[in-house]
Amino acid sequence: MSKKFQNFINGKWVDAKSGQTFENRNPANWDEVVGVFPKSGKEDVNEAVRAARVAFEKWRLVPAPKRGDILRKVGDLMVARKEDLSKQMTREMGKVMAETRGDVQEGIDTAYYAGTEGRRLFGHTVPSELPNKFNMAIRVPIGVAGIVTPWNFPMAIPTWKIFPALLSGNTVVFKPATDTPATATSLVEILMEAGIPEGVVNIIHGGGGDVGMAIVSHPDVDLVSFTGSTVVGKKISEVASATLKRVSLELGGKNAQLVMDDGDLDLALDGVLWGAFGTTGQRCTATSRLILHEKIYDKFLGMLVNKVASLKVGDGLIEGVQVGPCVNEGQQKTVQSYVDIGLKEGAKIAVGGAIPKGGGLEKGWFYSPTIFTDVQPSHRIAKEEIFGPVLSVIRTSSLEEGIRILNDTIYGLSSAVYTRNVNNAFQAIRDIKAGITYINAPTIGAEAHLPFGGVKQTGNGHREGGWTVYDFFTEWKTVYIDYSGGLQRAQIDNY
Ligand code: NAD
């Protein structure tokens, strides 16, 4: 019997009102059902929003350091359960255990950061232009936060959103991806165990078009924090604008690693292997393009192809496996379709380019790590997000041209440059159009206490992570206190 999961509304575990369910299966072995989850709809969302709205009136009055204490406890519980959470995550979305442990650790880091932020949440005091008057600007909670998340970081991304939302005094209605509902449920269980009051966090499982849209369009949801594809992000932006709610969008990427002729090639090799094939290439920050200086092109490619051919593909729960499956059949088909497009466009496959056969991989959504050479910057495989283990290699003759190629995309999330020349490094930092630039490190590896997000169609200007996420989850209130005992008119009585 598969484990049956429920929604969590106003402190109670409940089925979807429709009574319908959906299954979640292990992408490394589709015979294995991870769980059965409620297929919810608008009515379930309405109930969760009502509960969150009522709970907000009490939660906003809990002192921020106390809210932080609960989140610290959340971090402690996550530390204690790190291994179990990691295993559950690998079973439901496939990435290897080292990476799911990292995913949980990011949540732990975010919990402890939020815990301390409860004693900061700094405002400003500002001198008044009038005598006997005191001015300040303070941060206040906003209300009900709708949280909609993808499957590729099933723990880290929800924690990036939910912990700062709660620390700031907001309440939450959370819809996780249908590929990772079990990890999301574990997170909610931990929040409750740590002492989050009833109604403050609610989780509703189900599809994006039903549950996601119902949250985004709900007039009583004050803000929406979304991570996912750019296509869906645009829809959300349109729908949310009807009620002028605040929306944070963290969307797709087409990240590149540029290797200069003066770069450390062994280091760059480790970087691109990790950046392109970690999480089976299913990261918003994945290295999807490799731009090589012509002087090291042949040598570096030779080194890379050998290594990629020997990457071990398999079930992420097995020790020694380096590349897990695609998350589901649809994602595997997308990868295959881009490989076909690349070949039609005239690019050449140096390694991979197929669904692996045999070796115990028959019942999973695997795809062999793939490298395309002879890629032109105008090719679709050089421009569109593939979200799989496919790397497009492009040649450049200079730093300036390399940066132009790197910037030639609608996205702008992460970027990496390998060079030993400090002038090249600073020129790249200045000229690359991306939210994140790594020097001598791969495009993946964000740390929880720094701003995270992208430019162009990767987002709408907000940042998650660190101190910056608190700008999204709080509203500024400006306060003037006049203790002069008389009417003082700003801009008039003092000039
Ligand atoms: P997705 O856009 O298909 O889904 C994301 C979430 O939105 C899911 O919970 C889904 O159910 C929901 N959703 C789908 N349609 C919806 C709708 N019409 N209204 C409301 N909600 C809807 O993305 P995905 O396949 O889960 O994740 C992969 C994408 O996420 C990639 O494009 C990747 O780059 C992006 N991503 C971005 C970041 C970042 O921080 N920039 C991080 C991770 C993933």
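A charge counts as sitting over a ring if NZ of Lys or CZ of Arg is within 6 Å of the ring centre and within 35 degrees of the ring normal. Keep that rule handy for the first view. The model is predicted, so local features need pLDDT of at least 70 and side-chain atom pairs count only at pLDDT 80 or more, while totals for chains, interfaces and linings use all residues. Residues are numbered from 1 along each chain as its sequence is written, and side-chain values use heavy atoms, with hydrogens and water left out.

**View 1. Charges over rings.** Take a look at Tyr113: the charged end of Arg120 sits over its ring, 5.6 Å from the centre. Lys95 does likewise with Phe153, lying over the face of that ring at 3.8 Å from its centre.

**View 2. Helix α8 and its two sides.** Helix α8 covers residues 230-240, and its buried residues are Thr230, Gly233, Ile236 and Ala240. Seen down the axis of α8, these buried residues fall within an arc of 115°, so they line one face of the helix. (Buried means under 20% relative accessible area, exposed over 50%, and partly exposed in between, with a 1.4 Å probe and protein chains only; the arc is that of the directions from the helix axis to the C-beta atoms.) Here's a handy bit of background: an α-helix has 3.6 residues a turn, so residues three or four places apart point the same way. The face turned away from the buried side carries the exposed residues Val231 and Glu238. What do the buried residues of α8 pack against? They pack against α7 (208-217), β10 (223-227) and β11 (246-250), where contact means heavy atoms within 4.5 Å. Helices (H or I, at least four residues) and strands (E, at least two) are DSSP runs, numbered from the N terminus.

**View 3. Aromatic pairs.** Rings of Phe, Tyr and Trp (its six-membered ring) pair if their centres lie within 6.5 Å; planes under 30 degrees apart count as stacked, over 60 as edge-to-face and the rest as tilted. By this rule there are 7 aromatic pairs. Phe8 and Trp13 make a tilted one, 4.5 Å centre to centre with 45° between the planes. Phe8 is buried at 3% relative accessible area, whereas Trp13 is partly exposed at 33%. Trp160 and Phe452 are also a tilted pair, with 4.9 Å between centres and 50° between planes. This pair links distant parts of the chain, 292 residues apart: Trp160 is in helix α5 (residues 156-167) and Phe452 is in the loop between β18 (436-439) and α15 (469-473). Both Trp160 and Phe452 are buried. Elsewhere, ring pairs link Phe5, Phe22 and Phe37 into a cluster.

**View 4. The largest pocket.** About 800 Å³ of space lies in this pocket. Of its 35 lining residues, Pro150, Trp151, Gly228, Ser229 and Val232 are the closest to its centre. The elements giving two or more residues to the lining are α7, β10, α8 and α11 (329-345). On a 1 Å grid over the protein atoms alone, a pocket is an open set of points with protein on both sides within 12 Å along at least five of seven lines, a cavity is a set where a 1.4 Å probe fits but cannot get out, and lining residues have an atom within 4 Å of a point. Points are joined across faces, edges and corners, and a volume is the space filled by probe spheres set on them.
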